[in-house]
Amino acid sequence: MRLLPTITLVSALLFNAPGFIAAQDNEVLFLKALNAINVDVLKAQTGFLASDWMEGRRTGEKGEFMAADYIASMLQLYGVKPYGDLQMTGSVASQGYFQNFTILKTSPVGDQSLRIIERKGDGEKITECVPYTDFIINRQLQNVVIEAPVVFVGYGFRNSRLKYDDLRSADLQGKIILKLSGIPDIARTSLTASEISASVAESEAFLKEAGALAVMEFDPGRLIAASVAAPDFMQMSPAELRPVPQGTSAYWSLPAAGSSAEPVRIRVSSRVASVLLAGTGVDIDEYRRLAAVNKAKPATAGYGISVRLGSAVTTTQIASRNILGIIEGEKRNEIIVIGAHYDHMGISDGYIWNGADDNASGSVGVLTLAKALMECGKKPAKTIVFAFWSGEEQGLLGSRHFVRNLPFPASNIRLNLNYDMISRYISPEETKRVTMTYTDSFPWFRELTQDNLIKYDIDLDIDYQPSSDPPGGTDHRSFVAVGIPVMRFKPGHREEYHTPSDETETLDWDIMEKIIKISFANIRILSEKDW
């Protein structure tokens with residue numbers, strides 16, 4: 001008996017076994033779906049979401065609602081099941097694609113007031129400060145009237161690696177804080193951007209937890225708190241001005257069970273700061289020089305000085321909605337959330353902020369991944385949720401609402417993949433370079449990505465940036481805040497960002513296609529393997 005026919009027979013039996021045929025068919029379907037991710041598909045959907053018809057997709061406005069309807073209809077077309085709120089059709093309840101929630105928009109109204117009160121003996125001296133010249137109270141959630149003593153805390157900055165701490169001995173409970181703008185030079189020259197960001201966040205959290213009522217910030221070189229208003233004869237037509245989106249003075253927030261514990265934020269002029277520091281012995285120029293070498297010591301602005309401030313606001317409710325779809329896996333308690341925000345800046349002064357890169361590109365990325373995953377022909381092991389967030393431009397509100405109102409433990413979410421601005425080169429000279437930010441407790445994410453780049457011939461040069469606290473100003477931060485691992489691909493952050501010039505004509509379609517393809521290859525394995 002010859003060996004070759006025996007091997008051939010065994011091979012034939014194995015290759016025709018049901019499991020092998022199924023695996024082979026799955027691979028064929030995967031490659032077909034991967035090859036269907038192309039520039040023409042991306043241009044079609046991005047062009048619609050970033051068109052003038054969407055009116056800039058501002059949170060809670062008509063254009064955003066139209067965009068949401070379009071995205072939901074695409075999910076339905078692809079066969080992705082709805083995962084939003086229950087909705088009533090007559091007397092029948094069914095699950096819809098929308099997760100509805102309310103946003104509060106708070107705007108200043110009426111006059112602001114700030115008085116410096118110096119008490120000496122039985123008398124007192126009151127300095128009445130001029131709004132917008134001497135001070136400006138920043139965005140806030142509620143009407144406030146505060147009178148409290150003032151404490152100077154230098155830059156109000158702390159960092160354990162540098163052993164720098166402006167807050168080490170300060171009693172901040174019930175106080176108004178006076179601090180320098182920015183950070184000390186020693187931090188600027190010794191720390192990375194992510195370390196600085198983490199230290200600023202830690203410092204701000206300490207001010208809140210320590211019970212500070214308000215934070216007054218000043219720049220020694222700024223004699224006027226607010227920007228100088230141009231006289232009427234210098235006012236240019238809207239076409240000549242640098243466009244500014246509407247509503248920038250408003251504060252957007254989610255409803256909370258109790259009143260806000262956030263300190264009120266005030267910007268004051270250097271003149272006001274000098275009055276508050278009079279008699280303390282603090283020389284600001286000398287203080288900054290000593291802080292640069294970590295030798296400065298903050299001092300209480302004493303001599304009976306306190307500040308009384310008042311400000312009123314008005315609050316309106318904004319109806320908004322996330323869009324949620326689901327592919328149910330074998331394991332309902334192991335979930336991957338693939339998300340992007342679909343809102344943008346709206347219309348102002350005759351300009352439309354169409355937000356092609358920010359973030360029609362990311363929204364189309366998630367839609368394309370949903371379509372591709374549905375075409376794989378196999379139910380995944382893990383459940384996959386596709387999420388399109390509202391209110392990102394107002395402070396990650398849609399994703400924050402989602403993670404705060406989960407119907408299951410947050411630990412059920414194994415991973416969040418976030419797509420925000422995925423369609424611009426880092427520069428014309430770096431057309432393949434992409435940053436991959438991910439949670440550093442999963443080094444396998446890098447190995448997975450490297451393997452898939454080679455296997456599927458995806459021509460990207462990836463800068464891998466693992467972090468225990470993955471940085472960034474977009475929706476993955478809502479997941480990081482509750483301990484959920486994240487992964488994010490990000491190419492360029494270009495000059496059209498947050499301007500009306502962010503149009504489809506500026507997009508680099510090939511980098512967008514490659515990011516979606518490597519994501520699809522990764523998600524296919526992430527949804528099947530334990531890691």
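Reader: What volume does the largest cavity have, and what makes it a cavity?

Author: The largest cavity has a volume of about 50 Å³. A cavity is a set of points, on a 1 Å grid over the protein atoms alone, where a 1.4 Å probe fits but cannot get out, and its lining residues have an atom within 4 Å of a point. The volume is the space filled by probe spheres set on the points, which are joined across faces, edges and corners. The model is predicted, so that local features need pLDDT of at least 70 and side-chain atom pairs count only at pLDDT 80 or more, while totals for chains, interfaces and linings use all residues. Residues are numbered from 1 along each chain as its sequence is written, and side-chain values use heavy atoms, with hydrogens and water left out.

Reader: Which residues line the largest cavity, and how do they divide by class?

Author: The lining consists of Ala-33, Ala-36, Ile-37, Val-41, Thr-368, Lys-371, Ala-372 and Glu-375. Ala, Val, Leu, Ile, Met, Phe, Trp, Tyr, Cys and Pro count as nonpolar, Asp, Glu, Lys and Arg as charged, and the others, Gly among them, as polar, and on that scheme this lining has five nonpolar, one polar and two charged residues. Helix 9 gives the most to it, with three residues.

Reader: How does the lining of the second largest cavity divide by class?

Author: The second largest cavity, with a volume of about 40 Å³, is lined by Asp-357, Met-421, Arg-424, Arg-494, Glu-496, Tyr-497 and Asp-502, which divide into two nonpolar, no polar and five charged residues.

Reader: Why are helix 4 and helix 9 called roughly parallel?

Author: The axes of helix 4 (residues 62–78) and helix 9 (residues 356–374) come within 9 Å and cross at roughly 10°. Angles under 35 degrees count as roughly parallel, over 145 as roughly antiparallel, 65 to 115 as roughly perpendicular and the rest as oblique, and helix 4 and helix 9 are therefore roughly parallel to each other. The axes are lines fitted to C-alpha atoms, for helices over the stretch in contact, and angles run from 0 to 180 degrees between N-to-C directions. Helices are DSSP runs of H or I with at least four residues, numbered from the N terminus.

Reader: Which residues make the contact between helix 4 and helix 9?

Author: With contact meaning heavy atoms within 4.5 Å, Ile-71, Met-74, Leu-75 and Tyr-78 in helix 4 meet Leu-367, Ala-370, Lys-371 and Met-374 in helix 9. By class, this contact has seven nonpolar, no polar and one charged residues.

Methods. Helix = DSSP H or I, 4+ residues; strand = E, 2+ residues; numbered from the N terminus. 1 Å grid on protein atoms, 1.4 Å probe; cavity = no way out; pocket = protein on both sides within 12 Å on 5 of 7 lines; lining within 4 Å.
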